[in-house]
Amino acid sequence: MATSQLLPLELIDKCIGSKIWVVMKNEKEFTGKLLGFDDYVNMVLEDVTEFENSKDGYKTQKLEQILLNGNNICALIPGGSGPI
């Protein structure tokens with residue numbers, strides 16, 4: 001039985017053009033369509049919803065496009081629709 005190996009950057013590459021949920025190290029999370037990324041996992045998303053966790057719950061904001069710094073990304077959830 002052959003075992004296939006999928007490296008992290010290969011998984012992210014398979015998500016290009018699809019919806020992805022990005023959890024940041026701070027109190028923010030983003031969902032949107034992944035347009036691209038680099039070796040540092042800096043990401044460009046379009047049709048973005050930003051979720052900011054506050055004491056009153058999540059505040060949302062719509063953005064056309066965003067560039068996320070890979071150093072601040074905590075988790076990636078392919079196909080995810082966000083925290084709410």
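Predicted model: local features only at pLDDT ≥ 70, side-chain atom pairs only at ≥ 80, totals over all residues.
Which residue's side chain meets that of K28 in a salt bridge? The partner is E50, at 3.1 Å from N to O. A salt bridge here is a side-chain nitrogen of Lys or Arg within 4 Å of a carboxyl oxygen of Asp or Glu.

Residues are numbered from 1 along each chain as its sequence is written, and side-chain values use heavy atoms, with hydrogens and water left out.

The structure has two salt bridges:

| Salt bridge | N to O distance |
|---|---|
| K28 and E50 | 3.1 Å |
| K33 and E46 | 3.1 Å |

E46 sits in strand β3 and K33 in strand β2, 13 residues apart. Strands are DSSP runs of E, at least two residues, numbered from the N terminus.

How buried or exposed are these residues? E50 is buried at 9% relative accessible area, while K28 is partly exposed at 28% and K33 is partly exposed at 33%. Buried means under 20% relative accessible area, exposed over 50%, and partly exposed in between (1.4 Å probe, protein chains only).

Then there's T49, in strand β3 (residues 43-54). T49 counts as buried because its relative accessibility is 11%. Skipping neighbours within four places in sequence, T49 is in contact (heavy atoms within 4.5 Å) with E29, F30, T31, T60, Q61 and K62.

Methods: Helix = DSSP H or I, 4+ residues; strand = E, 2+ residues; numbered from the N terminus.
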